[in-house]
Amino acid sequence: MSAFNPRHRDTLAGQISIALYRISQAMGFLLRERGLQLDLTPAQIQALLFLKYARPGVRTIGGLSERLKVAYATSSSVADALERKGLLKRSVVPEDLRVVKLALTPAGEERVAQVEGVLDVIEAAVNHLPEEEQSSLAHALKIIVRELHGAGYVRVYEMCRGCQFFRKDAHPENPQEPHHCAFMDAPLREADTYLECPEFAPANE
């Protein structure tokens, strides 16, 4: 049955599905509206946010391709456009010339500050709910996202805390890098733990 057909919205699943679709429409509108104000496409906005908050090791053309769920050539075109606008710069990894690293320029950092509040309207709507309902909604949405992630429809990027690979205070002798990532088998700075990572795996799984 199609949730787009009003006749089929007599189930909770159908009602929730169409509500999520409408929320996605609102998010798309907000991205386009902010993009028009700043001469950016929605994909370019997402790319800037990716470069701001993803861990350094995945800030590449390939990493951007995975984040946007688009072909490598498409993500390269997005990077080209942002580079022409002076918002990012490229560099090649000496150990592997096929890997192109991406980084925000100072102008790119400023532009991120102008776009990262684009979902404030959505958050404000959520804040109108009682705390208990917010908690239930968050729990339910995490399960839905996990299902979609397992089916390959979405790639979950999250910060270290709450990840099964995160080892807090594993290196007390090293105040500069006190934590540890078991996935990368590498120490982590405190600041690194607040960056998004595509290898995130919930600790309760």
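From the N terminus onward, the elements of the chain follow the order α-α-α-α-β-β-α-α-α-β-β-β, that is, seven helices and five strands. Helices (H or I, at least four residues) and strands (E, at least two) are DSSP runs, numbered from the N terminus. The model is predicted, with local features requiring pLDDT of at least 70 and side-chain atom pairs counting only at pLDDT 80 or more, whereas totals for chains, interfaces and linings use all residues. Residues are numbered from 1 along each chain as its sequence is written, and side-chain values use heavy atoms, with hydrogens and water left out.

Along the principal axes, the C-alpha atoms of the chain fill a box of roughly 60 × 45 × 30 Å. The chain has 205 residues, of which 30% count as buried; buried denotes under 20% relative accessible area, exposed over 50%, and partly exposed the range in between (1.4 Å probe, protein chains only). The accessible surface comes to about 13000 Å², and carbon and sulfur atoms contribute 57% of it (Shrake-Rupley method, 1.4 Å probe). Of the contacts (heavy atoms within 4.5 Å) between residues at least 6 apart in sequence, 50% join residues at least 24 apart.

The chain carries 24 positive and 27 negative side chains, and the centres of these two sets lie 6 Å apart. Lys and Arg count as positive and Asp and Glu as negative, without His and the chain ends; each charge is placed at NZ of Lys, CZ of Arg, CG of Asp or CD of Glu.

Three aromatic pairs were found in the whole structure. Rings of Phe, Tyr and Trp (its six-membered ring) pair if their centres lie within 6.5 Å, planes under 30 degrees apart being stacked, over 60 edge-to-face and the rest tilted. The ring centres of phenylalanine 4 and tyrosine 21 are 4.9 Å apart with planes at 80°, so this pair is edge-to-face. Because phenylalanine 4 lies in the segment before helix H1 (12-38) and tyrosine 21 in helix H1, the pair ties together parts 17 residues apart in sequence. Phenylalanine 4 is exposed, at 54% relative accessibility, and tyrosine 21 is partly exposed, at 35%.

The charged end of arginine 67 sits over the ring of tyrosine 157, 4.4 Å from its centre; this arrangement requires NZ of Lys or CZ of Arg within 6 Å of the ring centre and within 35 degrees of the ring normal.

Proline 42 belongs to helix H2 (residues 42-53) and is partly exposed, at 30% relative accessibility. Apart from neighbours within four places in sequence, proline 42 is in contact with Leu31 and Arg32. The C-alpha atoms of proline 42 and arginine 32 are separated by 5.8 Å, with the two residues 10 apart along the chain.
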